[in-house]
Amino acid sequence: MPHRRSFFSMVLLGACTSPGPAEDPRPLSQEAVLVTAQSWHLDLCLTAAAIGAGRLAPLAQGSPTAQAFAFGFGLESWMRAARPGSGEALGALAGGPAVVAIQALPGPAPVTAEESVALRLPYGGHAAIDAFIAGQLEVPLPPVPPGGSLLLPSRRRYSLRFTCNSWVMAALAAAGLPVPVSGVGLRREAMAALRVEAARQAGRS
């Protein structure tokens, strides 16, 4: 799903605080996830095979040729606006209802991604992310149309303390990775923390 670039997107970044200490890392498996970034926004990308065996499997039924699916989070009024402007930007300051954005991908990442970090997950990591995403949704899972995308209502509200980037970090933490969640509002903060984790994993290989 294209993410809107705008001067007003800066208000979606949130405030920074110092993240708490990471927990002791769990042993890593061969399960993996790809985090991609563009503009101010992060997406969590899982292969079709990874979601096909879990609670998210209904999403893949409408896109049998998709190689992967991208998952993101955002303020509903912003994500649904054709051309987000000052009204949506001001709404982001106050927070509000959010959506989970889901996109069927022909490759491992959105074609608009500007950077990415690949991470291995602890054992059971895919199932944990699967449960995290499914638990966020207010509605039954419909199939994603071929090459298309969905915006599904989220149980979690958007706020400057819990942004699209916070959501991705929370999903990874739920999978058992020692990544910060609190205070991670900016793309650069999130990607820097993910690169630290990738380096840690490389050092354990």
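Predicted model: local features only at pLDDT ≥ 70, side-chain atom pairs only at ≥ 80, totals over all residues.
Begin by selecting Ser 39, which sits in the loop that links strand S1 (28-38) to strand S2 (41-47). Display its side chain together with that of Trp 40, and you will find a polar contact between the two at 3.5 Å.

Next, select helix H7, residues 187-204, whose end C-alpha atoms are 26 Å apart, in agreement with the 26 Å that its 18 residues should span at 1.5 Å a residue. Colour Arg 187, Ala 190, Met 191, Ala 193, Leu 194, Glu 197 and Gln 201, the buried residues of H7, and look down the helix axis: they fall within an arc of 160°, so they line one face of the helix. The face turned away from that buried side carries the exposed residues Arg 188, Val 196, Ala 199, Ala 202 and Gly 203.

Now turn to the largest nonpolar core, which has 56 residues, and select Phe 69, Phe 71, Ile 129, Trp 167, Leu 172 and Leu 194, the members that touch the most others. H6 supplies the largest share of this core, with seven residues.

Centre the view on Leu 172, whose contacts beyond its neighbours within four places in sequence include Val 33, Leu 44, Leu 119, Val 179 and Leu 194. Finish at a second, separate core of five residues, among them Leu 34, Cys 45, Ala 68 and Ala 70.

Definitions and conventions. Residues numbered from 1 in each chain as written. Heavy atoms only, no water. Helix = DSSP H or I, 4+ residues; strand = E, 2+ residues; numbered from the N terminus. Polar contact = N/O pair within 3.5 Å; in protein donor to acceptor, adjacent residues only side chain to side chain. Expected span 1.5 Å × (residues − 1). Buried < 20%, exposed > 50% of the residue type's maximum accessible area, 1.4 Å probe, protein only. Arc of directions from axis to C-beta. Core = buried A, V, L, I, M, F, W, Y, C linked by side-chain atoms within 4.5 Å. Contact = heavy atoms within 4.5 Å.
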